[in-house]
Structure formats: structure tokens, C-alpha cells
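Have the sequence and the 3D view open, and we'll go piece by piece.

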Amino acid sequence: MSNWGRLDQVIQYLGFNVNSFSREIGLSRAERLYQIKKGNYDISKNLAGIIVTRFPEVNEAWLLTGEGPMLKARESSPKIPLYNTSLDEFNIDLSQMSVVDELEIPILSGSDFAFVHQGDSMSPEIEHGSMVFVKQVDKDAIVFGDIYMIISEKINIVRFIRGLDDKSWRLVAKNVADFDDLVLEKAQVKAVYKVKGVLSMISM
């Protein structure tokens with residue numbers, strides 16, 4: 001895998017785009033990363049050190065050489081807090097909310113938290129009562145067509161995000177027969193979380 005391939009994999013895994021990742025690791029401009037993308041430079045030891053200082057789960061050796069796993073081995077997966085709170089009551093300050101359980105699911109260990117989805121607006125993609133696992137991303141790093149949990153001044157909701165214009169998103173339900181599209185101004189968005197996985201609660 002190329003230098004850019006490895007760097008891009010890290011950026012995608014962490015939920016950023018090139019510009020937002022550059023800001024996150026403290027670079028004043030993203031030009032350094034774009035030069036790697038163009039193939040003009042390799043990932044330097046200094047840049048790798050900056051990245052792993054900010055994101056210690058990233059394996060520096062892999063970033064520099066491609067050898068070994070992308071993430072450092074952990075003795076156990078981190079616990080994922082589960083909130084059983086309705087979206088309407090969701091607070092972007094997670095410390096103000098009660099954790100009802102802590103889940104250890106290695107394949108979803110990159111998630112910030114999980115919550116129990118209520119309603120059938122995203123059915124059958126996300127059924128009522130499913131546990132939804134999410135990771136916060138920069139609102140400038142969203143990928144149109146993916147599913148996100150959006151916390152805003154106006155509404156808290158789980159929807160596909162589609163582009164509308166520079167200032168607004170069109171939010172689309174999976175169950176389009178019963179739910180209309182919504183338009184949300186990006187300026188009203190307090191936080192946005194990419195849906196990383198869904199576990200359906202199935203009773204036999």
C-alpha cells in the first residue's frame with residue numbers, strides 16, 4: 001500500500017477528511033498531506049509522530065512502512081457506552097447522560113457510543129429497538145448517502161444525508177412511504193455522528 005493509501009485509510013477510519021484531519025493534528029495547512037497524496041513526499045517520521053501522539057491507537061510502524069496492523073494490539077477492546085435515551089433528549093455533553101451498559105464488541109470498537117433507536121423511519125435498515133453504534137465526525141467530513149445521527153438546534157434525528165446546497169442538507173428516511181425529506185441548515189448542527197454499525201434486537 002502506498003504512503004497515501006495508508007494515510008487515507010487512517011483518515012477514513014477516524015472519520016475525517018484531509019482538511020479536518022490536518023486541523024485535528026495541528027497543521028496550519030493541509031498542503032503537506034496533499035503533497036503525499038500527489039506522491040511527491042513520503043510520510044515522514046515527524047508527521048507519523050504527530051499523528052500517533054494525537055491518535056495513540058494508530059501503529060506508527062505500519063504508518064511508516066505498511067508492516068503489521070494499522071492499529072496497535074490491545075489486550076481487550078475498549079468498552080462502548082450504551083445510552084437508552086430518546087433522541088429528543090440527547091445531549092452533546094455525554095457526561096450529562098446516564099450510561100445503562102458498557103459493550104465490548106471488537107468489530108465496533110472505533111465507536112464513541114451506542115444508543116437504542118426508536119421508531120421506524122429508517123426501517124428496515126435500522127429497526128425499532130436496534131442498538132446503533134456511532135462515531136463523531138466533523139460536519140465538513142460527511143459523505144453524502146451515508147447514515148448519520150444529527151444533533152441540531154432544531155431536531156435530533158437519524159437519517160441519510162444528501163447534498164442540497166452549501167448551507168443546507170437534505171435528510172432522507174429509509175422508510176420514504178411514511179416519512180418526508182427534511183431540510184436542515186448546517187449552521188444549526190451541533191454534532192454529527194456517522195453510523196458505524198447496527199445490532200438488531202431479535203426475539204425468538
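UniProt, in an unreviewed entry, places the feature "domain: Peptidase S24/S26A/S26B/S26C" at residues 109–190; its positions follow the numbering used here, feature names are shortened, and such annotations may be inferred rather than shown by experiment. Over residues 109–190 the chain is 0% helix and 44% strand, with the end C-alpha atoms 24 Å apart. Helices (H or I, at least four residues) and strands (E, at least two) are DSSP runs, numbered from the N terminus.

A quick word on what you're looking at: this is a predicted model, where local features need pLDDT of at least 70, side-chain atom pairs count only at pLDDT 80 or more, and totals for chains, interfaces and linings use all residues. Residues are numbered from 1 along each chain as its sequence is written, and side-chain values use heavy atoms, leaving out hydrogens and water.

**The helices and their core**

Start with helix α1, residues 3–14. Its 12 residues reach 17 Å from the first C-alpha to the last, close to the 16 Å expected at 1.5 Å a residue (the expected span is 1.5 Å times one less than the number of residues). Several of its residues are buried, including W4, L7, V10 and L14; buried means under 20% relative accessible area, exposed over 50%, and partly exposed in between, with a 1.4 Å probe and protein chains only. Among the elements covering those buried residues are α2 (18–24), α4 (45–54) and β4 (131–137).

Which residues of the largest nonpolar core touch the most other members? They are L7, V10, F21, L47 and L63, out of 23 residues in that core. α1, α2, α3, α4 and α5 each supply at least two of the core's residues, and α1 gives the most, with 5 residues. A nonpolar core here is a set of buried Ala, Val, Leu, Ile, Met, Phe, Trp, Tyr and Cys residues joined through side-chain atoms within 4.5 Å. In soluble globular proteins, nonpolar side chains tend to be buried together.

F21 makes contact (heavy atoms within 4.5 Å) with L7, V10, I11, L14, F16, L33, I51 and F55, not counting residues up to four places away in sequence. A second, separate core has 19 residues, among them Y83, M97, F113 and I147.

**The strands**

Now for strand β6, residues 156–163. It is largely enclosed by the rest of the structure, because 6 of its 8 residues are buried. Two strands pair if DSSP finds at least two bridges between them, and here are two pairings:

| Strand pair | Sense | Bridges | Hairpin link |
|---|---|---|---|
| β5 and β6 | antiparallel | 5 bridges | 3 residues |
| β6 and β7 | antiparallel | 4 bridges | 4 residues |

Zooming in, M149 has V158 in β6 as its bridge partner, and R162 stands opposite R170 in β7.

**Two loops**

Where does N175 lie? It sits in the loop between β7 (168–172) and β8 (182–185). N175 counts as buried because its relative accessibility is 14%. The N175 side chain makes a polar contact with the side chain of D178, at 3.1 Å. A polar contact is a pair of N or O atoms within 3.5 Å; within protein, one must be able to donate a hydrogen and the other to accept it, and residues adjacent in sequence count only if both atoms are side-chain atoms. Leaving aside neighbours within four places in sequence, N175 is in contact with D120, S121 and S123.

S123 is joined to P124 by a cis peptide bond, with omega about 5°. P124 lies in the loop between β3 (113–116) and β4.
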